[in-house]
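We will go stop by stop.

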Amino acid sequence: MAYSSGKTLGQWMVAALFFAMLGGSLAVLLCNIESSELKLCHDAVTGKNPPDPDTKCCDVVHRCNLTCLCGYKSELPLFGINPANAMALPGKCGEKKPSNC
């Protein structure tokens with residue numbers, strides 16, 4: 001039962017995260033950043049040939065807990081985010097991708 005509740009909570013958190021990323025006004029502190037800040041990286045993680053992340057996006061990447069965010073990578077396609085683009089983002093911003101990601 002606890003696993004089910006934890007999974008549900010995780011799904012709600014992911015929904016809130018990407019709602020904010022896609023322009024919503026709800027902000028949740030997640031992985032050391034406010035979820036609303038993730039919209040600064042939206043262009044860099046969507047589509048087949050996204051542009052490189054800009055300085056504002058990389059600032060978010062530098063502040064966030066990348067290992068924590070990796071826990072949400074399986075949910076990315078549900079929100080139109082290309083997982084390969086998202087996993088490449090840390091390297092494009094000068095950060096190492098977590099080994100377990």
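**Before you click**

This is a predicted model, where local features need pLDDT of at least 70 and side-chain atom pairs count only at pLDDT 80 or more, while totals for chains, interfaces and linings use all residues. Residues are numbered from 1 along each chain as its sequence is written, and side-chain values use heavy atoms, with hydrogens and water left out.

**Stop 1: the disulfides**

Select the cysteine sulfurs. How many disulfides does the structure hold? There are four, each defined as a pair of cysteine sulfur atoms within 2.5 Å. Counting bonded cysteines along the chain, the pattern reads 1-5, 2-3, 4-7, 6-8. We will stop at some of them.

Start with Cys31 and Cys68. Their sulfurs sit 1.9 Å apart in a disulfide. The torsion about the S-S bond is -65 degrees, a left-handed link. Cys31 is in the loop between β1 (29-30) and β2 (33-34), and Cys68 is in helix α4 (residues 66-70), so the bond ties parts 37 residues apart in sequence. Helices (H or I, at least four residues) and strands (E, at least two) are DSSP runs, numbered from the N terminus.

Now colour by accessibility. Buried means under 20% relative accessible area, exposed over 50%, and partly exposed in between (1.4 Å probe, protein chains only). Cys31 is buried at 8%. Cys68, at 28%, is partly exposed.

Next, select Cys41 and Cys57. This disulfide has its sulfur atoms 2.1 Å apart. It is right-handed, with 110 degrees about the S-S bond. Cys41 lies in the loop between β2 and α2 (42-45), while Cys57 belongs to helix α3 (residues 55-63), and the two are 16 residues apart. Both Cys41 and Cys57 are buried.

Move to Cys70 and Cys101. Their S to S distance is 2.0 Å. The link is left-handed, at -100 degrees about the S-S bond. Cys70 is in helix α4 and Cys101 in the segment after α5 (83-92), so parts 31 residues apart in sequence are tied together. Cys70 and Cys101 are both buried.

**Stop 2: Cys64**

Cys64 is buried, with 11% relative accessibility.

**Stop 3: helix α3**

Select α3 and look at its ends and faces. At the N-terminal end, Asp54 caps the helix, with a side-chain oxygen 3.2 Å from the backbone nitrogen of Lys56.

Which residues of α3 are buried? They are Cys57, Cys58, Val60 and Val61. They cover an arc of only 155 degrees around the axis, so they lie on the same side of α3. That arc is taken over the directions from the helix axis to the C-beta atoms. Turn the view to the face away from the buried side: exposed Thr55 and Lys56 are there. The buried residues of α3 pack against β2, α4 and α5.

**Stop 4: the nonpolar core**

A nonpolar core is a set of buried Ala, Val, Leu, Ile, Met, Phe, Trp, Tyr and Cys residues joined through side-chain atoms within 4.5 Å. The largest one has 16 residues, and Val61 and Leu89 touch the most other members. α2, α3 and α5 each supply at least two residues. α3 gives the most, with four.

Finish on Val61. Leaving aside neighbours within four places in sequence, Val61 is in contact (heavy atoms within 4.5 Å) with Cys41, Leu66, Leu89, Pro90, Cys93 and Glu95.

Conventions
A polar contact is a pair of N or O atoms within 3.5 Å; within protein, one must be able to donate a hydrogen and the other to accept it, and residues adjacent in sequence count only if both atoms are side-chain atoms.
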